[in-house]
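Colleague: I would like to learn how to read a model like this one. Please start with the ligand site and then move to the chain.

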Amino acid sequence: MLLGRSWRMLALALAAVPGLAAWSAGSPASAPRPVLLVPGDGGNQLEARLEKSAHTPHWYCPRSSHGRFERLWLRASDLLPGLVGCWSDNVRLHWDAATGAFADTPGVEVRVPGFGNTSTVEVLDPALPTGSGYLDVLVGALVAGGGYERGESVAAAPYDFRRTPRSNRGYVARTARLVERLFAASGGRRVALVSHSLGSLVTLYLLNEQPQTWKDRYIHSWTSVAGVFAGTALELKVLASGDSSGVKVLPSRSLVEEQRSYETNVWMLPRAGSPAWPAERALLRRPGREYTVDDLDDAFFADIGYPRGAAVRAATSGLSRGLPAPGVRVHVVVGTGVPTPVAYNYTKGCEKTWFRHDPTATELGDGDGTVNLPSLLAPVRAWRAAAELAAEVRGGGAVPVAVTVTRYPGVSHGQLIRHPPLIAALLEYLRADDPISISAPAAQAT
Ligand SMILES: *[C@@H]1O[C@H](CO)[C@@H](O)[C@H](O)[C@H]1NC(C)=O
Ligand SMILES: *[C@@H]1O[C@H](CO)[C@@H](O)[C@H](O)[C@H]1NC(C)=O
(Lines give C-alpha, C1' and ligand atoms only; values in the text may rest on other atoms or scores of the structure.)
(Ligands and ions follow the chains in the order given, each with its own letter.)
Protein backbone atom coordinates (compact mmCIF):
# COMPACT_ATOMS: atom_id res chain seq x y z
CA MET A 1 0.00 0.00 0.00
CA LEU A 2 0.99 3.53 -0.57
CA LEU A 3 2.80 1.67 -3.21
CA GLY A 4 4.28 -0.39 -0.44
CA ARG A 5 5.29 2.39 1.91
CA SER A 6 3.62 0.63 4.81
CA TRP A 7 6.14 -2.17 4.64
CA ARG A 8 8.87 0.39 4.72
CA MET A 9 7.24 1.80 7.81
CA LEU A 10 7.59 -1.48 9.56
CA ALA A 11 11.32 -1.31 8.93
CA LEU A 12 11.33 2.31 10.00
CA ALA A 13 9.66 1.39 13.24
CA LEU A 14 12.89 -0.23 14.29
CA ALA A 15 14.91 2.86 13.48
CA ALA A 16 14.84 6.13 15.34
CA VAL A 17 12.57 8.66 13.68
CA PRO A 18 13.01 12.28 14.68
CA GLY A 19 10.12 13.67 16.69
CA LEU A 20 8.05 16.66 15.80
CA ALA A 21 10.12 19.63 14.84
CA ALA A 22 9.55 22.65 17.02
CA TRP A 23 7.40 25.20 15.26
CA SER A 24 7.55 28.87 16.10
CA ALA A 25 4.27 29.91 17.63
CA GLY A 26 2.42 32.58 15.72
CA SER A 27 -0.76 34.26 16.87
CA PRO A 28 -3.10 34.47 13.93
CA ALA A 29 -5.34 37.49 14.03
CA SER A 30 -8.49 35.61 13.10
CA ALA A 31 -9.68 32.02 12.76
CA PRO A 32 -7.22 30.14 10.58
CA ARG A 33 -8.11 29.24 7.05
CA PRO A 34 -9.67 25.77 7.27
CA VAL A 35 -7.64 22.87 5.90
CA LEU A 36 -8.97 19.56 4.63
CA LEU A 37 -6.46 16.71 4.26
CA VAL A 38 -6.91 13.89 1.74
CA PRO A 39 -4.42 11.12 2.57
CA GLY A 40 -2.63 8.74 0.21
CA ASP A 41 -2.67 4.98 -0.29
CA GLY A 42 -2.40 3.23 3.07
CA GLY A 43 -2.53 6.70 4.66
CA ASN A 44 -5.42 6.21 7.08
CA GLN A 45 -6.57 3.56 9.51
CA LEU A 46 -9.13 0.93 8.51
CA GLU A 47 -11.19 -1.28 10.83
CA ALA A 48 -12.80 -4.68 10.31
CA ARG A 49 -15.34 -6.88 12.07
CA LEU A 50 -14.84 -10.61 11.46
CA GLU A 51 -17.43 -13.33 11.46
CA LYS A 52 -15.89 -15.82 9.06
CA SER A 53 -16.98 -19.35 8.30
CA ALA A 54 -14.61 -22.24 8.89
CA HIS A 55 -12.52 -21.23 5.92
CA THR A 56 -9.36 -19.28 6.83
CA PRO A 57 -5.92 -19.58 5.24
CA HIS A 58 -4.39 -21.17 8.37
CA TRP A 59 -5.95 -22.98 11.33
CA TYR A 60 -4.65 -20.29 13.67
CA CYS A 61 -6.22 -17.30 11.89
CA PRO A 62 -8.92 -15.66 14.04
CA ARG A 63 -12.39 -16.22 12.63
CA SER A 64 -14.36 -13.82 14.79
CA SER A 65 -13.71 -10.44 16.37
CA HIS A 66 -16.65 -11.06 18.73
CA GLY A 67 -18.81 -8.28 17.35
CA ARG A 68 -16.13 -5.62 17.68
CA PHE A 69 -14.44 -3.61 14.97
CA GLU A 70 -10.67 -4.03 15.26
CA ARG A 71 -7.91 -2.23 13.43
CA LEU A 72 -7.23 -3.83 10.04
CA TRP A 73 -4.75 -1.14 8.97
CA LEU A 74 -2.38 -0.70 10.55
CA ARG A 75 -1.51 -3.18 13.27
CA ALA A 76 2.13 -3.87 12.56
CA SER A 77 2.02 -7.20 14.38
CA ASP A 78 -0.44 -8.49 11.74
CA LEU A 79 2.32 -8.24 9.17
CA LEU A 80 4.73 -10.64 10.82
CA PRO A 81 5.66 -13.67 8.75
CA GLY A 82 3.15 -16.44 9.46
CA LEU A 83 0.43 -13.98 10.40
CA VAL A 84 0.51 -11.95 7.22
CA GLY A 85 -1.51 -14.66 5.43
CA CYS A 86 -4.42 -14.21 7.87
CA TRP A 87 -4.29 -10.46 7.37
CA SER A 88 -4.12 -10.58 3.56
CA ASP A 89 -7.19 -12.79 3.44
CA ASN A 90 -9.09 -10.21 5.51
CA VAL A 91 -7.93 -7.14 3.60
CA ARG A 92 -8.22 -8.35 0.02
CA LEU A 93 -11.04 -7.28 -2.26
CA HIS A 94 -13.14 -9.58 -4.42
CA TRP A 95 -14.33 -8.52 -7.82
CA ASP A 96 -17.62 -9.69 -9.25
CA ALA A 97 -17.15 -9.90 -13.00
CA ALA A 98 -20.93 -9.91 -13.60
CA THR A 99 -21.68 -6.65 -11.77
CA GLY A 100 -18.23 -5.02 -11.79
CA ALA A 101 -18.59 -4.46 -8.03
CA PHE A 102 -15.92 -5.04 -5.42
CA ALA A 103 -16.71 -6.75 -2.14
CA ASP A 104 -14.87 -7.58 1.07
CA THR A 105 -13.92 -11.17 1.86
CA PRO A 106 -17.08 -13.01 3.02
CA GLY A 107 -17.43 -12.59 6.77
CA VAL A 108 -15.30 -9.43 6.83
CA GLU A 109 -16.87 -6.00 7.20
CA VAL A 110 -14.48 -3.09 6.61
CA ARG A 111 -15.06 0.50 7.72
CA VAL A 112 -13.09 3.75 7.77
CA PRO A 113 -12.84 5.36 11.22
CA GLY A 114 -12.19 9.00 12.02
CA PHE A 115 -13.82 10.84 9.10
CA GLY A 116 -13.79 14.60 9.82
CA ASN A 117 -10.99 14.54 12.37
CA THR A 118 -7.26 13.86 12.10
CA SER A 119 -6.19 11.13 14.51
CA THR A 120 -6.60 8.27 12.00
CA VAL A 121 -4.35 9.98 9.44
CA GLU A 122 -1.77 11.28 11.89
CA VAL A 123 -0.68 7.87 13.17
CA LEU A 124 -1.57 4.58 11.51
CA ASP A 125 -0.71 2.17 14.34
CA PRO A 126 -1.20 3.83 17.72
CA ALA A 127 0.97 1.09 19.24
CA LEU A 128 3.86 2.34 17.10
CA PRO A 129 3.36 6.12 17.09
CA THR A 130 6.86 7.01 15.91
CA GLY A 131 7.22 4.24 13.37
CA SER A 132 3.80 4.72 11.82
CA GLY A 133 3.44 8.50 11.89
CA TYR A 134 2.02 9.91 8.65
CA LEU A 135 0.34 13.34 8.71
CA ASP A 136 1.34 13.90 12.36
CA VAL A 137 4.13 16.34 11.50
CA LEU A 138 1.85 18.43 9.27
CA VAL A 139 -1.11 18.47 11.66
CA GLY A 140 1.22 19.10 14.63
CA ALA A 141 2.63 22.14 12.85
CA LEU A 142 -0.82 23.49 11.97
CA VAL A 143 -1.90 23.17 15.60
CA ALA A 144 1.29 24.43 17.23
CA GLY A 145 2.26 27.11 14.74
CA GLY A 146 -0.96 28.01 12.96
CA GLY A 147 -3.55 28.11 15.74
CA TYR A 148 -5.49 25.19 14.25
CA GLU A 149 -7.86 22.91 16.15
CA ARG A 150 -8.22 19.22 15.26
CA GLY A 151 -11.67 18.43 13.91
CA GLU A 152 -12.60 22.15 13.83
CA SER A 153 -10.24 23.99 11.50
CA VAL A 154 -8.14 21.05 10.29
CA ALA A 155 -9.88 17.83 9.33
CA ALA A 156 -9.22 14.80 7.16
CA ALA A 157 -11.33 12.86 4.69
CA PRO A 158 -9.97 9.30 5.05
CA TYR A 159 -11.31 6.61 2.69
CA ASP A 160 -11.03 2.93 1.86
CA PHE A 161 -7.79 3.21 -0.11
CA ARG A 162 -8.28 -0.20 -1.70
CA ARG A 163 -11.14 1.27 -3.72
CA THR A 164 -11.43 4.14 -6.18
CA PRO A 165 -13.60 7.06 -5.04
CA ARG A 166 -16.41 5.79 -7.25
CA SER A 167 -16.67 2.51 -5.37
CA ASN A 168 -16.28 4.21 -1.97
CA ARG A 169 -20.00 4.78 -1.74
CA GLY A 170 -21.06 8.19 -0.45
CA TYR A 171 -17.49 9.44 -0.12
CA VAL A 172 -17.76 12.36 -2.53
CA ALA A 173 -20.98 13.69 -0.99
CA ARG A 174 -19.69 13.16 2.55
CA THR A 175 -16.51 15.05 1.78
CA ALA A 176 -18.40 17.93 0.15
CA ARG A 177 -20.54 18.24 3.33
CA LEU A 178 -17.34 18.26 5.40
CA VAL A 179 -15.95 21.13 3.31
CA GLU A 180 -19.18 23.07 3.90
CA ARG A 181 -18.98 22.37 7.65
CA LEU A 182 -15.37 23.63 7.83
CA PHE A 183 -16.38 26.72 5.85
CA ALA A 184 -19.27 27.48 8.21
CA ALA A 185 -17.24 26.78 11.38
CA SER A 186 -14.59 29.30 10.31
CA GLY A 187 -17.16 32.05 9.75
CA GLY A 188 -17.13 31.67 5.99
CA ARG A 189 -13.47 31.25 5.07
CA ARG A 190 -12.89 29.12 2.01
CA VAL A 191 -11.21 25.77 2.55
CA ALA A 192 -7.67 24.85 1.49
CA LEU A 193 -7.38 21.25 0.30
CA VAL A 194 -4.11 19.40 0.87
CA SER A 195 -3.66 15.95 -0.65
CA HIS A 196 -0.84 13.43 -0.86
CA SER A 197 -0.06 10.74 -3.45
CA LEU A 198 -3.19 8.72 -4.35
CA GLY A 199 -5.12 11.39 -2.40
CA SER A 200 -4.44 13.78 -5.30
CA LEU A 201 -6.22 11.52 -7.79
CA VAL A 202 -9.07 11.20 -5.30
CA THR A 203 -9.22 14.99 -4.84
CA LEU A 204 -9.24 15.57 -8.58
CA TYR A 205 -12.16 13.16 -8.96
CA LEU A 206 -13.97 14.90 -6.11
CA LEU A 207 -13.49 18.39 -7.58
CA ASN A 208 -14.54 17.25 -11.04
CA GLU A 209 -17.80 15.98 -9.51
CA GLN A 210 -18.69 19.42 -8.08
CA PRO A 211 -20.29 22.34 -9.97
CA GLN A 212 -18.01 25.34 -10.54
CA THR A 213 -20.27 27.55 -8.42
CA TRP A 214 -19.70 25.22 -5.44
CA LYS A 215 -15.92 25.33 -5.97
CA ASP A 216 -15.92 29.13 -6.27
CA ARG A 217 -17.87 29.41 -3.04
CA TYR A 218 -16.10 26.85 -0.85
CA ILE A 219 -12.59 26.12 -2.14
CA HIS A 220 -9.66 28.45 -1.58
CA SER A 221 -6.95 26.30 -3.18
CA TRP A 222 -5.65 22.80 -3.62
CA THR A 223 -2.10 21.84 -2.66
CA SER A 224 -1.28 18.51 -4.28
CA VAL A 225 1.81 16.87 -2.80
CA ALA A 226 3.41 14.02 -4.80
CA GLY A 227 0.24 13.35 -6.83
CA VAL A 228 0.27 10.04 -8.78
CA PHE A 229 -1.40 11.85 -11.66
CA ALA A 230 -0.51 9.68 -14.65
CA GLY A 231 0.23 6.55 -12.61
CA THR A 232 3.58 5.00 -11.85
CA ALA A 233 5.78 2.31 -13.39
CA LEU A 234 6.16 0.78 -9.92
CA GLU A 235 2.60 -0.56 -10.21
CA LEU A 236 3.72 -2.98 -12.95
CA LYS A 237 5.97 -4.70 -10.45
CA VAL A 238 3.34 -4.53 -7.69
CA LEU A 239 0.86 -6.35 -9.93
CA ALA A 240 3.31 -8.69 -11.66
CA SER A 241 5.28 -10.07 -8.72
CA GLY A 242 4.30 -8.11 -5.60
CA ASP A 243 6.19 -5.49 -3.65
CA SER A 244 7.27 -5.61 -0.03
CA SER A 245 9.48 -2.52 -0.39
CA GLY A 246 12.63 -4.32 0.50
CA VAL A 247 11.43 -5.72 3.83
CA LYS A 248 13.45 -8.92 3.60
CA VAL A 249 11.36 -11.05 5.94
CA LEU A 250 8.33 -10.59 3.70
CA PRO A 251 8.75 -12.15 0.25
CA SER A 252 7.12 -9.87 -2.34
CA ARG A 253 5.35 -12.84 -3.84
CA SER A 254 3.46 -13.49 -0.58
CA LEU A 255 1.70 -10.15 -1.05
CA VAL A 256 0.87 -10.28 -4.73
CA GLU A 257 -2.64 -11.76 -4.46
CA GLU A 258 -3.71 -9.12 -1.98
CA GLN A 259 -2.04 -6.30 -3.91
CA ARG A 260 -3.65 -7.39 -7.18
CA SER A 261 -7.05 -7.35 -5.55
CA TYR A 262 -6.99 -3.61 -4.88
CA GLU A 263 -8.88 -1.57 -7.42
CA THR A 264 -6.52 1.36 -6.75
CA ASN A 265 -3.38 -0.60 -7.70
CA VAL A 266 -4.85 -1.03 -11.16
CA TRP A 267 -6.03 2.61 -11.24
CA MET A 268 -2.45 3.77 -10.54
CA LEU A 269 -0.91 1.90 -13.48
CA PRO A 270 0.54 4.19 -16.17
CA ARG A 271 -2.37 5.96 -17.88
CA ALA A 272 -2.89 5.28 -21.55
CA GLY A 273 -2.67 8.36 -23.75
CA SER A 274 -0.63 10.40 -21.27
CA PRO A 275 2.50 12.12 -22.59
CA ALA A 276 4.18 10.83 -19.42
CA TRP A 277 4.48 7.39 -21.09
CA PRO A 278 5.89 7.44 -24.63
CA ALA A 279 4.32 4.65 -26.66
CA GLU A 280 7.65 3.10 -27.64
CA ARG A 281 9.13 2.85 -24.16
CA ALA A 282 9.24 -0.59 -22.55
CA LEU A 283 8.00 -0.54 -18.95
CA LEU A 284 8.58 -4.23 -18.36
CA ARG A 285 10.57 -6.92 -20.21
CA ARG A 286 10.91 -10.67 -20.07
CA PRO A 287 12.80 -12.91 -22.50
CA GLY A 288 11.01 -12.73 -25.83
CA ARG A 289 8.65 -9.85 -25.04
CA GLU A 290 8.42 -6.32 -23.80
CA TYR A 291 5.39 -4.35 -22.58
CA THR A 292 4.71 -0.67 -23.22
CA VAL A 293 1.83 1.42 -21.90
CA ASP A 294 -0.26 0.20 -24.84
CA ASP A 295 0.20 -3.45 -23.83
CA LEU A 296 -1.24 -2.99 -20.36
CA ASP A 297 -4.83 -3.54 -21.35
CA ASP A 298 -4.55 -7.22 -22.18
CA ALA A 299 -1.16 -8.86 -22.88
CA PHE A 300 0.33 -7.73 -19.59
CA PHE A 301 -2.49 -9.04 -17.41
CA ALA A 302 -2.72 -12.33 -19.31
CA ASP A 303 1.02 -12.93 -19.05
CA ILE A 304 1.38 -12.17 -15.35
CA GLY A 305 -1.42 -14.66 -14.67
CA TYR A 306 -4.04 -12.10 -13.67
CA PRO A 307 -6.39 -11.93 -16.69
CA ARG A 308 -9.19 -10.35 -14.63
CA GLY A 309 -6.98 -7.27 -14.24
CA ALA A 310 -7.75 -6.25 -17.82
CA ALA A 311 -11.46 -5.88 -17.04
CA VAL A 312 -10.70 -3.98 -13.83
CA ARG A 313 -8.45 -1.66 -15.81
CA ALA A 314 -11.15 -1.12 -18.40
CA ALA A 315 -13.60 -0.27 -15.62
CA THR A 316 -11.28 2.16 -13.80
CA SER A 317 -9.61 3.88 -16.76
CA GLY A 318 -12.64 6.12 -17.30
CA LEU A 319 -12.17 7.69 -13.84
CA SER A 320 -10.56 11.11 -14.30
CA ARG A 321 -9.66 10.11 -17.86
CA GLY A 322 -7.52 12.82 -19.40
CA LEU A 323 -7.06 14.44 -15.96
CA PRO A 324 -9.74 17.17 -16.43
CA ALA A 325 -8.78 20.56 -14.94
CA PRO A 326 -10.01 20.85 -11.33
CA GLY A 327 -11.40 24.40 -11.63
CA VAL A 328 -9.56 25.70 -8.55
CA ARG A 329 -6.16 27.28 -7.84
CA VAL A 330 -3.59 24.46 -7.64
CA HIS A 331 -0.11 24.07 -6.19
CA VAL A 332 1.65 21.05 -7.52
CA VAL A 333 4.43 20.09 -5.09
CA VAL A 334 6.87 17.37 -6.14
CA GLY A 335 10.11 15.70 -5.04
CA THR A 336 12.74 15.23 -7.75
CA GLY A 337 16.10 13.62 -8.27
CA VAL A 338 15.36 10.47 -6.29
CA PRO A 339 16.09 7.34 -8.36
CA THR A 340 12.70 6.01 -9.45
CA PRO A 341 11.92 2.76 -11.30
CA VAL A 342 10.98 3.32 -14.94
CA ALA A 343 11.27 -0.25 -16.23
CA TYR A 344 11.76 -3.77 -14.92
CA ASN A 345 13.51 -6.79 -16.44
CA TYR A 346 12.35 -10.27 -15.49
CA THR A 347 14.86 -12.86 -16.69
CA LYS A 348 14.85 -15.47 -13.94
CA GLY A 349 12.90 -18.70 -14.41
CA CYS A 350 11.40 -19.98 -17.62
CA GLU A 351 8.21 -19.68 -19.64
CA LYS A 352 5.24 -19.29 -17.22
CA THR A 353 7.41 -18.55 -14.19
CA TRP A 354 9.03 -15.22 -15.00
CA PHE A 355 6.73 -13.36 -12.65
CA ARG A 356 7.08 -15.80 -9.77
CA HIS A 357 10.43 -14.13 -9.14
CA ASP A 358 11.37 -10.57 -8.31
CA PRO A 359 12.66 -8.54 -11.26
CA THR A 360 16.32 -9.23 -12.05
CA ALA A 361 17.05 -5.60 -13.00
CA THR A 362 15.38 -2.24 -12.48
CA GLU A 363 16.01 0.77 -14.68
CA LEU A 364 15.88 4.05 -12.81
CA GLY A 365 14.88 7.55 -13.86
CA ASP A 366 13.85 10.87 -12.31
CA GLY A 367 11.06 11.15 -9.79
CA ASP A 368 10.47 10.92 -6.04
CA GLY A 369 11.50 7.28 -5.69
CA THR A 370 7.92 6.04 -6.07
CA VAL A 371 6.30 8.14 -8.81
CA ASN A 372 8.04 9.09 -12.07
CA LEU A 373 8.58 12.83 -12.60
CA PRO A 374 6.63 13.02 -15.90
CA SER A 375 3.62 11.59 -14.04
CA LEU A 376 3.96 13.96 -11.06
CA LEU A 377 3.89 16.89 -13.51
CA ALA A 378 1.56 15.36 -16.12
CA PRO A 379 -1.44 17.71 -15.90
CA VAL A 380 0.38 21.01 -15.30
CA ARG A 381 0.51 22.30 -18.86
CA ALA A 382 -3.10 21.45 -19.68
CA TRP A 383 -4.40 22.90 -16.40
CA ARG A 384 -2.53 26.15 -17.03
CA ALA A 385 -4.05 26.38 -20.50
CA ALA A 386 -7.49 25.71 -19.05
CA ALA A 387 -7.02 28.53 -16.50
CA GLU A 388 -5.98 30.96 -19.23
CA LEU A 389 -8.94 30.01 -21.33
CA ALA A 390 -11.30 30.49 -18.37
CA ALA A 391 -9.83 33.97 -17.76
CA GLU A 392 -10.25 34.80 -21.43
CA VAL A 393 -13.87 33.66 -21.39
CA ARG A 394 -14.54 35.80 -18.32
CA GLY A 395 -13.54 38.85 -20.33
CA GLY A 396 -9.77 38.89 -20.68
CA GLY A 397 -7.53 40.93 -18.45
CA ALA A 398 -4.89 39.52 -16.17
CA VAL A 399 -4.58 35.76 -16.09
CA PRO A 400 -4.38 34.60 -12.48
CA VAL A 401 -1.52 32.21 -11.83
CA ALA A 402 -3.76 29.25 -11.27
CA VAL A 403 -1.22 26.46 -11.34
CA THR A 404 2.17 26.71 -9.67
CA VAL A 405 4.82 24.04 -9.32
CA THR A 406 7.31 23.69 -6.49
CA ARG A 407 10.11 21.14 -6.63
CA TYR A 408 12.01 19.77 -3.67
CA PRO A 409 15.18 18.12 -4.98
CA GLY A 410 16.17 14.93 -3.20
CA VAL A 411 12.97 14.58 -1.13
CA SER A 412 11.24 11.22 -1.48
CA HIS A 413 7.56 10.45 -2.00
CA GLY A 414 6.81 9.44 1.58
CA GLN A 415 9.04 12.08 3.14
CA LEU A 416 7.71 15.07 1.16
CA ILE A 417 4.48 15.42 3.16
CA ARG A 418 6.58 15.44 6.37
CA HIS A 419 9.25 17.78 4.96
CA PRO A 420 9.69 20.80 7.30
CA PRO A 421 10.49 23.36 4.55
CA LEU A 422 7.31 22.40 2.66
CA ILE A 423 5.24 22.55 5.85
CA ALA A 424 6.68 25.95 6.79
CA ALA A 425 5.90 27.28 3.30
CA LEU A 426 2.37 25.87 3.49
CA LEU A 427 1.73 27.55 6.87
CA GLU A 428 2.87 30.88 5.47
CA TYR A 429 0.66 30.41 2.43
CA LEU A 430 -2.38 29.64 4.56
CA ARG A 431 -1.79 32.76 6.67
CA ALA A 432 -1.52 35.14 3.74
CA ASP A 433 -4.65 37.09 2.82
CA ASP A 434 -3.89 37.12 -0.84
CA PRO A 435 -2.91 33.95 -2.57
CA ILE A 436 0.85 33.77 -2.97
CA SER A 437 2.78 30.93 -4.42
CA ILE A 438 4.31 28.28 -2.23
CA SER A 439 8.04 28.47 -2.36
CA ALA A 440 10.80 27.82 0.08
CA PRO A 441 14.54 28.41 0.16
CA ALA A 442 15.16 24.73 -0.43
CA ALA A 443 12.88 24.64 -3.43
CA GLN A 444 12.72 26.22 -6.83
CA ALA A 445 9.35 27.52 -7.87
CA THR A 446 8.43 27.75 -11.52
C1 LIG B 1 -11.03 15.64 17.13
O2 LIG B 1 -10.10 14.87 17.87
C3 LIG B 1 -9.56 15.55 19.00
C4 LIG B 1 -8.54 14.63 19.62
O5 LIG B 1 -7.61 14.18 18.68
C6 LIG B 1 -10.66 15.90 19.96
O7 LIG B 1 -10.14 16.64 21.06
C8 LIG B 1 -11.73 16.73 19.25
O9 LIG B 1 -12.81 16.95 20.11
C10 LIG B 1 -12.21 16.02 18.00
N11 LIG B 1 -13.09 16.95 17.28
C12 LIG B 1 -14.23 16.57 16.70
C13 LIG B 1 -15.02 17.64 16.02
O14 LIG B 1 -14.63 15.42 16.73
C1 LIG C 1 16.96 -4.81 -19.42
O2 LIG C 1 16.93 -5.54 -20.60
C3 LIG C 1 17.19 -4.76 -21.79
C4 LIG C 1 16.95 -5.64 -22.99
O5 LIG C 1 17.59 -6.88 -22.84
C6 LIG C 1 18.59 -4.20 -21.71
O7 LIG C 1 18.87 -3.41 -22.86
C8 LIG C 1 18.72 -3.36 -20.46
O9 LIG C 1 20.04 -2.88 -20.30
C10 LIG C 1 18.31 -4.16 -19.23
N11 LIG C 1 18.28 -3.25 -18.08
C12 LIG C 1 19.03 -3.41 -16.98
C13 LIG C 1 18.90 -2.38 -15.92
O14 LIG C 1 19.80 -4.36 -16.85
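**Reading the model**

Modeller: Around ligand 2 are Arg285, Asn345, Ala361 and Glu363; a residue is listed if one of its heavy atoms lies within 4 Å of the molecule. This is a predicted model, in which local features need pLDDT of at least 70, side-chain atom pairs count only at pLDDT 80 or more, and totals for chains, interfaces and linings use all residues. Residues are numbered from 1 along each chain as its sequence is written, chains are lettered from A and ligands numbered from 1 in the order in which they are written, and side-chain values use heavy atoms, with hydrogens and water left out.

Colleague: Which polar contacts does ligand 2 make with Asn345 and Glu363?

Modeller: A polar contact is a pair of N or O atoms within 3.5 Å; within protein, one must be able to donate a hydrogen and the other to accept it, and residues adjacent in sequence count only if both atoms are side-chain atoms. Here a polar side-chain atom of Asn345 is 2.3 Å from an oxygen atom of ligand 2. An N or O atom in the Glu363 side chain lies 3.3 Å from a nitrogen atom of the ligand. Of the 360 Å² of accessible area that ligand 2 has on its own, the protein covers 40% (Shrake-Rupley method, 1.4 Å probe; for residues, only the protein chains shown count as cover).

Colleague: Why does Arg313 count as buried?

Modeller: Buried means under 20% relative accessible area, exposed over 50%, and partly exposed in between (1.4 Å probe, protein chains only). Arg313 counts as buried because its relative accessibility is 6%. Arg313 sits in helix 12 (residues 308–316); helices (H or I, at least four residues) and strands (E, at least two) are DSSP runs, numbered from the N terminus. The Arg313 side chain reaches the backbone oxygen of Pro270 at 3.2 Å. Its contacts (heavy atoms within 4.5 Å), not counting residues up to four places away in sequence, include Val266, Leu269 and Phe301.

Colleague: Which residues of helix 16 are buried?

Modeller: They are Leu422, Ile423, Ala425, Leu426, Leu427, Tyr429 and Leu430. The C-alpha atom of Leu422 is 8.3 Å from that of Tyr408, 14 residues apart along the chain. Tyr408 belongs to strand 15 (residues 403–409) and is buried, with a relative accessible area of 1%.

Colleague: And how many helices and strands does the chain have?

Modeller: The chain has 16 helices and 16 strands. Of its 446 residues, 56% are buried.
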